[in-house]
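This briefing goes through a structural model topic by topic, with the sequence and coordinates shown first. Please keep both at hand while reading the points that follow.

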2 protein chains.
Amino acid sequence: MKIQEVSEKYALSADTLRYYERVGLIPPVTRTLSGIRNYSELDIRRVEFIKCMRSAGLPIEVLIDYMELVQQGDATIGARKDILKEQREQLIARMSEMQKTLDILNHKIQVYESVMLEAEKQIKIEE
Amino acid sequence: MKIQEVSEKYALSADTLRYYERVGLIPPVTRTLSGIRNYSELDIRRVEFIKCMRSAGLPIEVLIDYMELVQQGDATIGARKDILKEQREQLIARMSEMQKTLDILNHKIQVYESVMLEAEKQIKIEE
DNA sequence: CTAACACCTGGAGTCGACTCCAAGTCAAGG
DNA sequence: CCTTGACTTGGAGTCGACTCCAGGTGTTAG
């Protein structure tokens, strides 16, 4: 799979895919003889994983550290688990912040809605 | 309430509070005669609201637009509601992305955990 | 009255995460 | 063979959201 296909499939720009590889978020992708990226199944699974983690806001630096450990093999499983657990806690914290905000948004929208209904009634009375 | 107290109470730096005011996220704060910010109840409620919205990732630009409408009075209630509804949709979308990621994190952590348990057993057998 | 410390402003700097560009190479159709 | 369009690299630029700084003013404890 060439870079543009991957880009389209995962809604990540080709520039972003190259950037991810450059900074070590994704290990070097398979290439054709002439040097063009040719994403393998494994490369694509990595892109998918990184996209998912990024979309939840995990910082690039943390993911670089994690992917480095993955490259180093099974001896690093403990360290990897620690990273993921830490990120899970932070993710849960962010989600609960967001839930609070969502509740407030819902409440405000509801208030606006009823204010608008009142205003409409008022107009009807005046008619 | 002086800026430092507000800063401590809401865990926002004094610089950030001034920045929010400068860009219009918060309308000009009450001042003492000598020009020092003296946050009123209302000012503080605004800080609280903005902090909450920002912590859920609502963009500053959107919040500036919203706060501008708030300043313009009741005629803008419809427009405000539209903004909030739009932001609510985006928030829900982000949260569901995060839930997916959380599921994957949980799964990965669980796999690592069982891999580590297996390794331990292996060591026991070898002993 | 002065030292020390919080506050002020305008503007510049930083940081994370891309995003764009120039200048060159490669692949496929006519 | 030549053109056209996708690919390559290294490096610079952008964007959102702060964060810091210099140079000055206000305030309060001793």
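## Briefing on the predicted model

A:Val23 has its place in helix α2 of chain A, in a model that is predicted. With a relative accessibility of 31%, A:Val23 counts as partly exposed, and its C-alpha atom is separated by 38 Å from that of A:Asp103, a residue 80 residues apart from A:Val23 along the chain. The points below turn to other residues, to ring pairs and to pockets.

**A:Arg37 and its surroundings**

- A:Arg37 lies in the loop of chain A between α2 (14-23) and α3, and at 17% relative accessibility this arginine counts as buried, because the limit for that class is under 20%.
- Leaving aside residues up to four places away in sequence, A:Arg37 touches A:Met1, A:Lys2, A:Ile3, A:Arg18, A:Glu21, A:Val29, A:Thr30 and A:Arg31.
- One of these residues, A:Glu21, is also joined to A:Arg37 through a polar contact of 2.7 Å between the two side chains.
- A:Lys100 is 63 residues apart from A:Arg37 along the chain, and the C-alpha atoms of these two residues are separated by 44 Å.

**A:Arg88 and its contacts with chain B**

- A:Arg88 is found in helix α5 of chain A and, at 17% relative accessibility, counts as buried.
- When residues up to four places away in sequence are not counted, A:Arg88 touches B:Leu102, B:Leu105, B:Asn106 and B:Ile109.
- Among these residues is B:Asn106, whose side chain makes a polar contact of 2.6 Å with the side chain of A:Arg88.

**Positive phi values**

- In chain A, the loop between α1 (3-10) and α2 holds A:Ala11, whose phi is near 50 degrees, a positive value in a residue other than glycine; A:Ala11 is exposed, with a relative accessible area of 64%.
- In chain B, the loop between α1 (3-10) and α2 (14-23) holds B:Ala11, whose phi is near 55 degrees, again a positive value in a residue other than glycine; B:Ala11 is exposed, with a relative accessible area of 63%.

**Aromatic pairs**

- Over all chains, the structure holds four aromatic pairs, and one of them is formed by A:Tyr19 and A:Tyr20, a tilted pair with 5.9 Å from centre to centre and 45 degrees between the planes.
- Of these two tyrosines, A:Tyr19 is partly exposed, with a relative accessible area of 35%, whereas A:Tyr20 is buried, with a relative accessible area of 7%.
- The rings of A:Phe49 and A:Tyr66 also pair: their centres are 5.9 Å apart and their planes stand at 40 degrees, so the pair is tilted.
- Because A:Phe49 lies in helix α3 of chain A and A:Tyr66 in helix α4 of chain A, this pair ties together parts that are 17 residues apart in sequence.

**The largest pocket**

- The largest pocket has a volume of about 390 Å³ and is lined by 19 residues, with A:Lys108, B:Arg45, B:Arg46, B:Glu48 and B:Phe49 lying nearest its centre.
- At least two residues of this lining are supplied by each of α5 (77-126) of chain A and α3 (41-55) and α4 (60-72) of chain B, and the largest share, eight residues, comes from α3(B).
- By residue class, the lining of the largest pocket divides into eight nonpolar, three polar and eight charged residues.

**The second largest pocket**

- The lining of the second largest pocket divides into seven nonpolar residues, one polar residue and three charged residues.

Terms used:
Residues are numbered from 1 along each chain as its sequence is written. Chains are lettered from A and ligands numbered from 1 in the order in which they are written. This is a predicted model: local features need pLDDT of at least 70, side-chain atom pairs count only at pLDDT 80 or more; totals for chains, interfaces and linings use all residues. Side-chain values use heavy atoms; hydrogens and water are left out. On a 1 Å grid over the protein atoms alone, a cavity is a set of points where a 1.4 Å probe fits but cannot get out, and a pocket is an open set with protein on both sides within 12 Å along at least five of seven lines; lining residues have an atom within 4 Å of a point. Grid points are joined across faces, edges and corners, and a volume is the space filled by probe spheres set on the points. Helices (H or I, at least four residues) and strands (E, at least two) are DSSP runs, numbered from the N terminus. Ala, Val, Leu, Ile, Met, Phe, Trp, Tyr, Cys and Pro count as nonpolar, Asp, Glu, Lys and Arg as charged, and the others, Gly among them, as polar. Buried means under 20% relative accessible area, exposed over 50%, partly exposed in between (1.4 Å probe, protein chains only). A polar contact is a pair of N or O atoms within 3.5 Å; within protein, one must be able to donate a hydrogen and the other to accept it, and residues adjacent in sequence count only if both atoms are side-chain atoms. Contact means heavy atoms within 4.5 Å. Rings of Phe, Tyr and Trp (its six-membered ring) pair if their centres lie within 6.5 Å; planes under 30 degrees apart count as stacked, over 60 as edge-to-face and the rest as tilted.
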